[in-house]
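Have the sequence and the 3D view ready as you read.

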Amino acid sequence: MGMRRAKAASMFSLGLSVSLVFLLSSSTLLFAGQSFLRAAAETNVNQRYTIESVSIAGVKVENAKIPLSLRRRMTALVGERCDTTMLEDLAGDLRRQLHFQAVNHHLSKGSEPGRIRVNFDVIRKDVGFDLSVPKFLYSSSQGWTGEVDASTHVREHEFTVGAINNGDTLPERFSGVTARYEDSRVGSDRVRFGIAFENLHEQWSDQARAAATGEAELYRTRRNIAPELTVAVAKNVTVSAGMSFEQLDSQSANTRSANALTGEIHYGSKIEGGTAQQMVDAKYSVRVGVPKLGSDYSYSRHMVTLRYEVKSGRQSASDEFLGGMAEGDAPLFERFVLGNSSTLRGWDAAAIAPLGANRVAHNSLTWGYQMGEGTAEVFYDAGALWRTGRPAPMRHSLGLGYRQKMFFMTMAFPITEGRMSPVFMAGMIY
C-alpha cells in the first residue's frame, strides 16, 4: 500500500514537472512568436513605403565624402520599397568601411504620402585609423595604376599619407608620395579646409620623348603644395578656392615654377519621379597660372563635366560630357588626354597625343541592366583631342562591362579602319 502511494506521488510529481515545462515552453514560444509577428508587421508596414531620398549624417549622398561603391549602393535605394534588413546591412558596411563607432538608420516622412526619407545617423570615433585604396586599375594597354592611403583623424582633423603610381590620367606616368591635412569643420559644418603635399617622379613614353623634341622640355620630378577652402553655399552647390605651388625639375636640371590660382563649382541634384529617378551632376574647374605668384608659366585652364543619369526598375542609362580648353603657356601636366579608363576606352592615350593637347571634347553613353548584386553595361565613347589651329579628328569606341559593388571589368573596342584590338580593364571601385 505504501509503495503504491509512493509510486502515485512520484507519478504526480513527474506530471506536474512536465506540465510546468510545457507551460514555460509554451510561454516562451508564445512570447517569441509575438516578437516575431511584431517585427514582421513592422517590416511589412515599412515595405509599403517608397524611399524618396537617402542621406548620411544629414548630408545628401551625392555630396557626401564616401567611397563610390557605398555611394552607388545608397543612391540605388531611391525609388525602391523600404527594406529594413537591407538598411541594416548597409549601416553595418558604412560602420566597417568608414570606421565609425556606430551607424543607425532613421526613417522620416517624405514630401508625399507613401514616401519616406532615410538618414544614416553616425557616431564618429574621437580618434581613428584607416587604410584605403582609392584607386586600383589594370589595363592591358597601359599596365597598372594604384594608390594606397593611410589616414588618421582626431575629431574633425584628418591626416593622410599615401603612395601612388598612376599611368592613367596625365600624359606621363607619375609615382611618389602624397600627404594631406583636412579640417572638415572650420567654424561651421558648411566650411572645410585642406592642404595637400605631393613629391612625384615622372616617367615618359618613347612617343612622348620623340614628340617633345623641339616642342617642350620634359620634367623628371614634380613637387606641389596646394591649400584649398571649400564652402557649401547651398543645398546642392559647393564652391572651392585655393592655390597650387608646383616646382618642376627638368631633364636638363633646370627648375621652373607653375604656381596657380584654383577654383571649382560643383552642383549635384536628384530629381524624384513616380517611376524613374534622375540624377544631375555638374562641375566647372579653373586653374590660372599667375606670374605675380612667382610662376614661370602664364596660362588658364578650364574644364566642364556634366553627367545625367536615369534609372527605372532594373534599367539605367547615363550620358557624361567632358569639355576643356587651355590658353597660354601651360605645363604638360595641365594638358588634356583621351584614351584611358574613363575616356575613349580601348584607345591608347600615347598614340592619340603623346604630350596631350589644349582642347578636348568627349561624350560617353552607357546603358545598364541590374543582374543580382551587379550591373551589366554597354557603352559608346566619342571624343576629340586637338591643338589650337589644328584638325580635331573624332574617334569612337564601343564596349561592354560588369560592375559589382567594389569591382568592375570592361572590354573596350576602338573603332578604326584597320584591325580592331580590344583592351581589357579591371579594377576596384572606392
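Which strands and helix do the buried residues of helix 2 pack against? They pack against strand 1 (50-56), helix 3 (84-98), strand 4 and strand 12 (255-271). Those buried residues of helix 2 (residues 68-75) are S69, L70, M74 and T75. Buried means under 20% relative accessible area, exposed over 50%, and partly exposed in between (1.4 Å probe, protein chains only). Helices (H or I, at least four residues) and strands (E, at least two) are DSSP runs, numbered from the N terminus.

Before going on, a word on the source: this is a predicted model, where local features need pLDDT of at least 70 and side-chain atom pairs count only at pLDDT 80 or more, while totals for chains, interfaces and linings use all residues. Residues are numbered from 1 along each chain as its sequence is written, and side-chain values use heavy atoms, leaving out hydrogens and water.

The protein chain has a mean of 85, with 87% of its residues at 70 or more. Over residues 1-43, though, pLDDT stays under 50. Where pLDDT is low, the predicted coordinates should not be read in detail.

Now for a hairpin. Strands 3 and 4 pair in the antiparallel sense over eight bridges; to count as paired, DSSP must find at least two bridges between them. K109 stands opposite I116 in strand 4, and G114 in this hairpin takes a positive phi near 85°.

| Strand | Residues |
|---|---|
| Strand 3 | residues 102-109 |
| Strand 4 | residues 115-123 |

Lastly, K405 is partly exposed, at 40% relative accessible area.

Definitions and conventions. pLDDT is the predictor's confidence in each residue, from 0 to 100. Contact means heavy atoms within 4.5 Å.
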